[in-house]
Amino acid sequence: MEVTGKATMRTDGDVRNYITFLDGDAFMPNWGFGEDNCGNETNLAPKGDITRSGNFVTSKKKEFLLDIVGRYTVKINGKSYDTVCVMDIETYNSGVVSEQFLDKNGRTILWRRFNRDDWAFDRYGKKWTELLPENERLIINGETYVEWYDCMTEYVL
C-alpha cells in the first residue's frame with residue numbers, strides 16, 4: 001500500500017485502487033494509525049505493556065502495542081544522546097517491530113527495524129537469520145526478530 005496525498009493507493013493484481021476521505025469508513029483503516037485511528041500519543045509514559053531485558057522482550061496480547069521500554073544512551077559519531085526507547089510490536093505491519101529512540105525534546109535520534117524470522121519468506125526465500133546471520137536479534141514472546149536496518153535523523157548527522 002502506498003500513501004499519496006490525501007488518498008491511499010493499493011494494487012490488487014493488475015488493478016490500482018485509490019481510497020480517499022470521500023470513501024468514509026473505508027478510508028480510516030488505510031489512512032489512520034494508532035489505537036482507534038487516533039494517532040500516536042505525544043505525552044508518552046511507560047505502561048508496562050512491553051518489557052525488555054537485554055534482547056528478550058515480552059508483551060501483553062493487545063492489538064496496539066506501543067510502549068516505552070527503557071532509557072538508553074545512544075552514541076553516534078562520538079556524540080552521546082540521552083533517550084527513551086519506544087517499541088512498537090507489529091502495530092502497523094505484521095512481523096515487523098521497531099524501536100524509536102527519542103531525546104528529551106521528543107526528537108527521534110535513532111529508529112531501528114526488526115523483521116520476524118519468517119517475515120516475507122515468500123518474497124525473499126530464506127529466513128532473516130539466514131539472510132542476515134550477523135545482525136542483532138530480539139526474542140519477543142519466544143519469536144526471533146532480526147535487525148534489518150537503522151535510520152538516523154538529520155538532526156544527529
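Which helix does Arg123 lie in? I looked it up: Arg123 lies in helix α2, residues 121–124. I take helices as DSSP runs of H or I with at least four residues, strands as runs of E with at least two, numbered from the N terminus.

Two notes before going on. This is a predicted model, where local features need pLDDT of at least 70, side-chain atom pairs count only at pLDDT 80 or more, and totals for chains, interfaces and linings use all residues. Residues are numbered from 1 along each chain as its sequence is written, and side-chain values use heavy atoms, with hydrogens and water left out.

**Arg123.** I checked its surroundings. The cut-offs are under 20% relative accessible area for buried, over 50% for exposed and in between for partly exposed (1.4 Å probe, protein chains only). The side chain of Arg123 makes a polar contact with that of Tyr124, at 3.3 Å. A polar contact is a pair of N or O atoms within 3.5 Å; within protein, one must be able to donate a hydrogen and the other to accept it, and residues adjacent in sequence count only if both atoms are side-chain atoms.

**Core.** I then turned to the largest nonpolar core, which has 18 residues. Such a core is a set of buried Ala, Val, Leu, Ile, Met, Phe, Trp, Tyr and Cys residues joined through side-chain atoms within 4.5 Å. Ile50, Met87, Ile89, Val97 and Ile140 touch the most other members. Strands β6 (66–76), β7 (79–89), β8 (96–102), β9 (108–116) and β10 (137–140) each give two or more residues to this core. The largest share, four residues, comes from β7.

A second, separate core has five residues, among them Phe64, Leu66, Ile68 and Val86.

**Phi angles.** Most residues other than glycine have a negative phi. I noted two positive values. Phi of Asn77 is near 50°. Asn77 is found in the loop between β6 and β7, and at 67% relative accessibility Asn77 counts as exposed. Glu90 has a positive phi of about 50°. Glu90 sits in the loop between β7 and β8, and at 24% relative accessibility Glu90 counts as partly exposed.
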